[in-house]
Amino acid sequence: MIKRFRIHGDNIVECERLYALISKSIQILQEQPFFLSPACPSMQVTTATNDSLIFEFFPGFNKNTSDRWSSNIFQILKDRGSFLNETPDVLLTELTPAGERILIAIEFCSALQAGNQAWQRSGRAYSTARSNVCPYLYIVDFVKYELDDNRNRIALRFPNAAIPFSYYLASSSWKYPVIQVYFRSEEFQPAFDPSLQNFDPSWFGQQDVCALLSGLLYDKDVRPLYTCLIQKSLSVLNFMAAANRSHSYTLQDWQSIRQDYSGDILAFSKDHNRFPFMKKIAKKSVTGRNRDFADLATKYSIGIASRDLPFGLIPSYAKIPFARELQALYPEMGEDFYTQLSTEQDMIVCMFKGFKPQGDDARPDRGILPFIAMLMGEAAEILTFVYGETTESALQKLDQDILSLANGNGLWSAIVSLSDFIILDAPKIPKEEEAPNVIRLIPNKANKAAALTPKTQTAQVMISPFPNHYTENDVDTFIHMIFKHLIPNTFEGFCNPPGGDWSGISLPDSLDPSQGREFRWLTLPRVSHSKRPDHITVLFDLLEKPLILCTESKESFRSLEPGIGPALTKYIYDLLAYPPSVERPLYADSWTFSSSCLSASDYLCASMGCFFATASSDLSVMADRVCCDVLMGFWIDIRPLRCSLQIQGFSPLGRLLAKHFTHTIQSQKSPVNIFHII
């Protein structure tokens with residue numbers, strides 16, 4: 001039997017992460033990597049049952065550019081109700097005579113599940129699920145620790161139990177399930193942390209996910225696996241609920257909501273009224289009338305799940321008094337807004353800053369309204385209050401064409417699509433001395449109703465493996481494939497293409513399976529005085545010490561920062577000043593907390609810049625600007641399945657590396673070697 005599948009991913013890392021799970025789900029006798037096109041590395045496998053399965057990787061959705069691929073695989077979801085500007089990490093599709101059939105959508109998360117990060121990806125889950133096209137898995141690495149400034153563990157952080165509960169409820173609302181699945185993380189060490197003693201490792205779902213993927217590949221009945229994964233998610237929910245702090249629902253409360261209230265969290269909240277909604281606003285963020293609004297919401301509200309969540313319930317009996325006081329607080333309120341608001345209907349009030357000081361999205365806030373929709377249903381009436389800095393351009397679009405603003409901005413897309421009422425009370429950018437906040441009160445029921453109405457369904461699509469143009473994603477794919485398949489004695493310690501995962505960096509001390517160890521640093525700092533590389537590759541047996549190659553990848557040379565080379569290697573030196581978080585024997589499954597200390601003197605370091613160039617590009621002219629040891633310039637030949645590559649070194653170490661890479665790539669005969677050295 002021959003079957004063809006495609007993995008559409010944010011990047012090559014996400015594509016291969018799903019393929020790694022698939023490879024554990026079926027018994028593979030032989031693997032043969034190849035390139036379907038210069039943009040699409042692929043894998044053909046022969047199974048123990050003599051099946052030939054082909055997996056074609058399509059890294060780089062139409063995200064940063066709308067026309068990378070001539071067709072959009074997400075159009076299948078969008079036309080069936082997936083209306084937000086949020087997409088999962090990967091889609092697995094099967095090629096059929098009619099086009100690509102989506103089998104499953106998956107989101108991977110290795111980040112700390114705390115604060116608003118816990119619901120950052122709810123938009124992707126909600127938007128995918130309501131299309132009723134395929135199941136959705138949110139795979140979370142469990143657990144993660146918060147670190148202090150010296151990278152010492154402070155404490156475990158768990159999300160509020162309302163987060164996994166929202167997935168549980170959504171699974172009962174749509175055709176296909178939406179499931180949070182927990183994989184064992186490197187830091188899951190119950191012997192070290194008493195707070196994990198009651199966590200049963202059988203709740204981890206990796207084996208079930210592998211079985212699910214196998215079932216989907218072979219068109220088996222996978223419903224029992226859905227049931228099993230949902231039950232495991234509920235077990236973890238109970239564990240989190242038992243650890244919830246005060247002013248949060250208890251384990252008994254969550255059990256009552258499920259059993260006595262059939263999941264109706266609003267009915268439970270009204271009947272028990274455990275605490276009011278109390279939105280905390282940092283002192284530096286108190287502007288306009290946002291503090292007064294928060295006090296008014298507290299006066300009339302009932303808290304839901306936790307006092308720390310940024311939303312609460314204004315019950316029907318308090319709605320009209322709330323509307324009167326809101327009108328007194330905001331005389332700017334129009335009659336239409338007041339008339340629609342002053343009804344005896346339960347309403348959710350949600351407050352968040354939403355935007356950073358320069359007006360950029362606070363990305364996690366994109367997920368709060370989808371989280372509410374999953375937790376309480378789409379019929380819930382929602383008033384959204386936004387108080388983050390607003391740019392002049394966004395304000396103009398808000399006044400002239402709010403739907404255009406929503407189409408071009410992920411946060412406004414969620415606000416306009418899921419809010420019945422919108423209040424903006426925010427400073428304007430550029431700021432003016434003593435200028436009052438911008439105030440807008442927008443009745444939005446019609447826009448919400450339109451967003452929730454599915455569009456006309458399109459036919460199946462078939463994505464061409466030849467993109468309209470090549471991007472930074474392709475540069476990252478080339479780097480990854482070269483060092484994985486063509487340059488021997490290497491170890492990929494980090495790969496962070498656009499949309500990638502930078503939760504950890506690994507460095508081995510040897511590639512000998514019998515004695516080598518892998519050391520890993522977790523929860524990487526966002527800000528440093530150096531530059532975090534896009535790729536970290538360790539080369540062995542080339543010099544007297546292992547060499548750490550730190551690579552920065554861009555679509556074009558001009559996008560490389562001046563002086564980037566020393567900044568890349570400094571990141572490694574800074575990292576090695578701290579002990580690794582965890583370690584394990586090379587290629588082993590389990591980790592232990594690390595007590596080792598690695599020294600920068602144990603390694604050599606070099607820097608490399610990679611980008612698309614042209615056949616006439618002179619890399620030596622570029623070298624002084626970026627100060628990298630090595631430069632690689634790629635360009636796609638007009639010949640099919642060929643990529644020309646120029647490699648040049650600009651230091652003694654860089655010249656040695658350039659010679660080694662050139663000779664090795666030229667001598668490799670492999671379907672993966674599409675690279676022509678010039």
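# Getting to know this predicted model

User: Hello! To start with, where does Asp219 lie?

Analyst: Helices (H or I, at least four residues) and strands (E, at least two) are DSSP runs, numbered from the N terminus. On that basis, Asp219 lies in the loop between helix H5 (206-217) and H6.

User: Thanks! What kind of model am I looking at?

Analyst: Residues are numbered from 1 along each chain as its sequence is written, and side-chain values use heavy atoms, with hydrogens and water left out. Local features need pLDDT of at least 70, side-chain atom pairs count only at pLDDT 80 or more, and totals for chains, interfaces and linings use all residues, in what is a predicted model.

User: Which residue does a cis peptide bond join to Phe142?

Analyst: Most peptide bonds are trans. Here omega is about 15 degrees, and the cis bond joins Phe142 to a residue in the loop between strand S7 (136-142) and strand S8 (145-147). That residue is Val143.

User: What is omega for the peptide bond from Ile429 to Pro430?

Analyst: Pro430 is placed in the loop between strand S17 (428-429) and strand S18 (438-443). The bond from Ile429 to Pro430 is cis, and its omega is near 5 degrees.

User: How many salt bridges does the structure hold?

Analyst: A salt bridge is a side-chain nitrogen of Lys or Arg within 4 Å of a carboxyl oxygen of Asp or Glu. Counted that way, the structure's salt bridges number 39.

User: How many residues apart in sequence are the parts that Glu107 and Arg121 tie together?

Analyst: Glu107 and Arg121 form a salt bridge with their closest N and O atoms 3.0 Å apart, and both residues are buried. Glu107 is in strand S6 (residues 99-109) and Arg121 in the loop between S6 and helix H3 (122-129), so the pair ties together parts whose separation in sequence is 14 residues.

User: And for Asp346 and Lys270, how many residues apart are the parts?

Analyst: The closest N and O atoms of the salt bridge between Asp346 and Lys270 are 2.6 Å apart. Asp346 lies in the loop between helix H11 (335-341) and strand S13 (347-352), while Lys270 lies in helix H8 (residues 265-272), so the pair ties together parts with a sequence separation of 76 residues.

User: How do helices H6 and H7 stand to each other, roughly parallel or oblique?

Analyst: Helix H6 (residues 223-242) and helix H7 (residues 251-259) pack at about 140 degrees with their axes 8 Å apart; axes are lines fitted to C-alpha atoms, for helices over the stretch in contact, and angles run from 0 to 180 degrees between N-to-C directions. Angles under 35 degrees count as roughly parallel, over 145 as roughly antiparallel, 65 to 115 as roughly perpendicular and the rest as oblique. That makes the placement of H6 to H7 oblique.

User: Which residues in H7 do those of H6 meet?

Analyst: Contact means heavy atoms within 4.5 Å. From H6, the residues involved are Leu234, Leu237, Asn238, Ala241 and Ala242, and in H7 they meet Leu251, Trp254 and Arg258.

User: How many of the residues of H15 are buried?

Analyst: Among the buried residues of H15 are Gly410, Trp412 and Leu418. H15 is largely enclosed by the rest of the structure, because the buried residues are nine of the nine.

User: Last one: what is the relative accessible area of Leu91?

Analyst: Leu91 belongs to strand S5 (residues 90-96). Not counting residues up to four places away in sequence, Leu91 touches several residues, including Ile7, Phe61 and Ile104. Leu91 is buried, and its relative accessible area is 0%.

Definitions and conventions: Buried means under 20% relative accessible area, exposed over 50%, partly exposed in between (1.4 Å probe, protein chains only).
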